[in-house]
Amino acid sequence: MEIVKPLTQYLAALLLAPLLPGIINRVKAFFAGRRGQPVLQLYYDLYKLLQKAPVYSRTTTWVFRAGPVIGLAAILTSLAVLPFAGRPSFLAFDGDFIFLLYLLGLARFATVLAALDTGSAFEGMGASREMQFAVFAEPAFFLGLAALARVTGQTSLAGMFGVLTGDLWRTAAPVLALLTASFFIVLLAENSRVPADDPNTHLELTMIHEVMVLDHSGPELAYILYGAALKLWFFGALIACMVLPRHSGSWAGDTGLFLLAMAGVAAAVGVVESVIARLRLIKVPYMLITAFAFSTLALIFQMGR
Amino acid sequence: MHTFAELIIVFVILLDLALAVTGSLSSCIRLVAVQGVVAGILPLLAGSGTPHARTAAFAAFIILLKGVVFPWLLTRARDRSGARKDVEPLITYPASIMLCLGAFIASSWLGSRLPLPETNVAWIVPASLATIFTGFLLITTRSKAITQVLGYLVIENGIYIFGLALFVEQPLMVELAILLDVFVAVFVMGIAIFHISREFDHIDTAELSELSDWRRGEYGK
């Protein structure tokens with residue numbers, strides 16, 4: 001019986017993740033006064049793409065084909081470690097947050113290699129930008145998780161979010177607020193949302209993530225889109241666990257609240273995208289340095305208490 | 001209550017960081033004003049129990065001076081000098097923010113070493129030292145005369161918070177005297193900036209270190 005709940009949580013994450021981009025798009029459409037795409041649009045897209053046969057350029061090698069598969073596999077594994085509604089998943093172990101960071105790094109590395117393998121100068125540019133921003137985003141995320149480990153005195157993500165209760169928010173509110181802000185900025189940058197990158201743009205000079213996946217088609221594009229949705233779920237779940245310390249003892253109640261919080265995070269991303277203009281490319285590192293500063297401050301505060 | 005005071009301290013530090021990265025002169029003036037107001041609220045929260053009537057009146061006076069009078073004087077000085085709208089830093093913004101973070105790390109180390117009386121609110125000493133350092137940073141790495149006044153005000157905010165760390169019931173007369181000094185200083189600097197810009201057509205301090213006749217002679221060669 002003990003394995004059923006974690007498995008249900010995992011399946012729920014896999015099934016519900018493509019809803020998040022749908023919610024973001026609906027919120028943006030609401031702000032723009034449009035009706036917008038259906039909430040389930042990404043499910044339709046994935047289904048359509050999976051029916052198609054992929055097309056490969058003659059210059060590409062196996063690296064190009066392996067990229068999306070490795071990327072999706074890394075994200076799928078990381079979701080198996082991530083706690084759901086403050087409850088441990090089935091792969092949780094001590095120090096798993098470092099494992100998570102490396103999985104995300106592996107996914108990024110595979111995507112970048114696949115982009116470089118196409119031999120297009122254009123995709124190389126996107127790969128270069130992706131790595132440049134990762135240099136700033138990863139330390140911010142790592143320091144944030146380290147500060148969280150320090151606040152809670154736990155070294156596994158499940159342990160951290162298990163200890164994170166309303167009482168902790170009362171005594172360490174400044175640190176936790178800083179961390180939430182830092183994670184939100186990292187979420188925006190890592191998922192190529194608006195202040196860092198525009199997921200809808202196809203203007204070659206400004207794209208970052210989109211430009212790297214231009215040559216993928218068919219099921220492989222479906223893997224990439226699904227992987228992006230799962231990554232959004234990953235960061236959203238971290239923030240939802242932060243702002244929603246576990247209250248009730250019932251599993252169903254916690255899960256319901258958590259899913260509501262996830263929808264709230266998606267709506268917040270949509271609102272941010274609607275009210276903020278995209279930053280100039282050279283300003284994006286500043287935003288990520290801000291996230292880094294938040295994480296550092298949180299860590300110093302926690303050390304100095 | 002103390003968690004709230006801690007939140008305010010964190011807010012003061014975030015304002016320090018924001019000052020280090022803000023490029024626009026008018027938002028710099030606004031940020032300094034906000035920091036002054038926030039620092040003015042702090043004594044009402046740092047003491048235990050309900051605040052004294054004298055403390056409340058004093059806080060109201062500080063908020064009025066730092067939140068309304070100083071920004072008004074500085075905005076007037078900026079408009080009259082016809083300066084460009086950005087602060088023209090001598091180092092890049094990421095370097096500024098890194099220096100700020102380094103200063104905060106150093107000041108939290110220093111704060112734990114200083115033999116000070118026990119304070120009610122955590123981080124108040126590191127925050128005040130970091131604010132003082134941010135003021136120095138603004139003075140040394142920005143090239144306009146008006147940002148030097150801003151840096152001076154930020155230093156004053158830091159000293160004020162440092163004073164709070166030492167005495168929750170601070171000697172108000174001392175603080176009032178400092179405020180009067182600062183007020184006169186800002187007033188005089190506002191006039192001085194106006195005169196400098198009328199005389200030299202700019203308020204760039206790097207240019208002010210050279211004599212204008214000597215420079216003209218150099219160009220004449």
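On conventions, residues are numbered from 1 along each chain as its sequence is written, and chains are lettered from A, with ligands numbered from 1, in the order in which they are written. Because the model is predicted, local features need pLDDT of at least 70 and side-chain atom pairs count only at pLDDT 80 or more, while totals for chains, interfaces and linings use all residues.

I begin with chain A. There are twelve helices and zero strands in it; helices are DSSP runs of H or I with at least four residues, strands are runs of E with at least two, and both are numbered from the N terminus. Its radius of gyration is 19 Å, close to the 19 Å that the globule rule gives for 305 residues, so chain A is as compact as a globular protein of that length. Here the radius is taken over C-alpha atoms, and the globule rule is 2.2 Å times the number of residues to the power 0.38. The C-alpha trace of chain A spans about 60 × 45 × 45 Å along its principal axes.

Of the 305 residues in chain A, 48% are buried. A residue is called buried if 20 or more other C-beta atoms lie within 10 Å of its own, exposed if 12 or fewer do, and partly exposed in between, with C-beta atoms placed from the backbone. As for contacts in chain A between residues at least 6 apart in sequence, 79% join residues at least 24 apart; a contact requires the two C-beta atoms, placed from the backbone, to lie within 7 Å.

Which residues have the most contacts inside the largest nonpolar core? They are A:Val186, A:Ala229 and A:Leu288, in a core of 148 residues. Such a core is a set of buried Ala, Val, Leu, Ile, Met, Phe, Trp, Tyr and Cys residues joined through C-beta atoms within 7 Å. The largest share of this core, 19 residues, comes from α10(A). Leaving aside residues up to four places away in sequence, A:Val186 touches A:Ala137, A:Ala140, A:Phe141, A:Phe235 and A:Ala291.

A:Val186 also belongs to the contact between α9(A) and α10(A). Two packed helices are described by the angle between their axes and the distance between the axes. In this pair the axes come within 10 Å and cross at roughly 170°. That makes α9(A) roughly antiparallel to α10(A). The axes are lines fitted to C-alpha atoms, for helices over the stretch in contact, and angles run from 0 to 180 degrees between N-to-C directions. Angles under 35 degrees count as roughly parallel, over 145 as roughly antiparallel, 65 to 115 as roughly perpendicular and the rest as oblique.

Is A:Ser192 buried or exposed? A:Ser192 is buried, because 21 other C-beta atoms lie within 10 Å. Its phi is near 45°, a positive value in a residue other than glycine. A:Val211 counts as buried too, with 25 C-beta neighbours inside 10 Å.

I turn to chain B. It has nine helices and zero strands, and 38% of its 221 residues count as buried. Among its contacts between residues at least 6 apart in sequence, 76% join residues at least 24 apart. B:Ser24 sits in the loop between α1 and α2 (25-46) of chain B and is exposed, with 12 other C-beta atoms within 10 Å. B:Ser24 touches B:Lys85 and B:Asp86, not counting residues up to four places away in sequence. The C-alpha atoms of B:Ser24 and B:Lys85 are 5.9 Å apart, although 61 residues separate the two in sequence.

Finally, the interface. Here 18 residues of chain B are in contact with 15 residues of chain A. On the side of chain B that touches chain A, α1 (2-21) and α4 (93-113) each supply at least two residues. The most comes from α4(B), with eight residues. That side of chain B divides into 14 nonpolar residues, three polar and one charged.

Terms used. Nonpolar A, V, L, I, M, F, W, Y, C, P; charged D, E, K, R; others polar.
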